[in-house]
Amino acid sequence: MRHNFKNLKIWILSMEITSDIHKLCLTFPKTEVYGLISQMNRCAVSMPSNIVEGSNRSNKHFQHYLNISLGSSFELQTQLLIACQNEYLSKEKTEEIENKIIEFQKMTTGFISKLD
């Protein structure tokens, strides 16, 4: 079964998270350009990108790409917490974005289980 990625709620949410992360990273210290900023942006971009890459494949292969996307979301969540720990962003902003990431993780896990 092929999926139109633009209609997938997980893709829409991952695009929103990616946009949030890009905007957030603009406020980080310039010393983090090749460190945390680069890592966070790559993880964020990986989430919707892997959904798209897998969406035109069989369900078994799609599950694989969704799991990669899910893994990127957990990496991003950790990096977000590191940024908060380093006081690059407020606890409120951290919680706001972390809640979106957790919602993405729950939705994606549920979607993967329905592809079985």
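Q: Where is Glu87 found?
A: In this model, which is a predicted one, Glu87 sits in the loop between helix 3 and helix 4.

Q: And is Glu87 buried or exposed there?
A: Glu87 is exposed, because its relative accessible area is 69% and the cut-off for exposed is over 50%.

Q: What about the backbone, what phi does Glu87 have?
A: Glu87 has a positive phi of about 60°, although it is not a glycine. As background, most residues other than glycine have a negative phi.

Q: How far is Glu87 from Gln63 in space?
A: From C-alpha to C-alpha, Glu87 and Gln63 are 36 Å apart in space, and along the sequence they are 24 residues apart.

Q: Which helix does Cys84 lie in?
A: Cys84 lies in helix 3, and with a relative accessibility of 14% it counts as buried, because buried means under 20%.

Q: What does Cys84 touch?
A: If residues up to four places away in sequence are left out, Cys84 touches Leu89, Ser90, Lys91 and Thr94. Looking at C-alpha atoms instead, Cys84 and Glu95 are separated by 9.6 Å, while being 11 residues apart along the chain.

Q: Switching topic, how many residues are in the largest nonpolar core?
A: The largest nonpolar core has 29 residues, and those with the most contacts inside it are Ile17, Ile21, Phe28, Met40, Leu66 and Leu76. At least two residues of this core come from each of helix 1 (9-25), helix 2 (36-55), helix 3 (59-85) and helix 4 (91-114).

Q: Next, at what angle do helix 1 and helix 2 pack?
A: Helix 1 and helix 2 pack at an angle of about 165°, and their axes are 9 Å apart. This makes helix 1 roughly antiparallel to helix 2, and the crossing of the two helices is left-handed.

Q: Which residues make the contact of helix 1 with helix 2?
A: On the helix 1 side they include Trp11, Met15, Ile17 and Ile21, and on the helix 2 side they include Ile37, Met40, Val45 and Pro48. By class, this contact of helix 1 with helix 2 has 14 nonpolar residues, four polar residues and no charged residues.

Q: Where is Ser49, and is it buried or partly exposed?
A: Ser49 is in helix 2, and it is partly exposed, with a relative accessible area of 37%. The C-alpha atoms of Ser49 and Met15 are 9.2 Å apart in space, although the two residues are 34 residues apart in sequence.

Q: What about Ser55, is that one buried or exposed?
A: Ser55 also lies in helix 2, and it counts as buried because its relative accessibility is 2%. Leaving aside residues up to four places away in sequence, Ser55 touches Arg2, His3, Phe5 and Phe62.

Q: Last pair, how far apart are the axes of helix 1 and helix 4?
A: The axes of helix 1 and helix 4 are 10 Å apart, and the two helices pack at an angle of about 155°. Helix 1 is therefore roughly antiparallel to helix 4, and helix 1 passes helix 4 in a left-handed crossing.

Q: Which residues are in the contact of helix 1 with helix 4?
A: Helix 1 contributes residues including Lys9, Leu13, Glu16 and Asp20, while helix 4 contributes residues including Lys93, Ile101, Phe104 and Phe111. By class, the residues of this contact divide into 10 nonpolar, two polar and six charged.

Technical notes. Residues are numbered from 1 along each chain as its sequence is written. This is a predicted model: local features need pLDDT of at least 70, side-chain atom pairs count only at pLDDT 80 or more; totals for chains, interfaces and linings use all residues. Side-chain values use heavy atoms; hydrogens and water are left out. A nonpolar core is a set of buried Ala, Val, Leu, Ile, Met, Phe, Trp, Tyr and Cys residues joined through side-chain atoms within 4.5 Å. Buried means under 20% relative accessible area, exposed over 50%, partly exposed in between (1.4 Å probe, protein chains only). Helices (H or I, at least four residues) and strands (E, at least two) are DSSP runs, numbered from the N terminus. Contact means heavy atoms within 4.5 Å. Axes are lines fitted to C-alpha atoms, for helices over the stretch in contact, and angles run from 0 to 180 degrees between N-to-C directions. Angles under 35 degrees count as roughly parallel, over 145 as roughly antiparallel, 65 to 115 as roughly perpendicular and the rest as oblique. A crossing is left-handed if the near helix is turned anticlockwise from the far one by less than a right angle, and right-handed if clockwise. Ala, Val, Leu, Ile, Met, Phe, Trp, Tyr, Cys and Pro count as nonpolar, Asp, Glu, Lys and Arg as charged, and the others, Gly among them, as polar.
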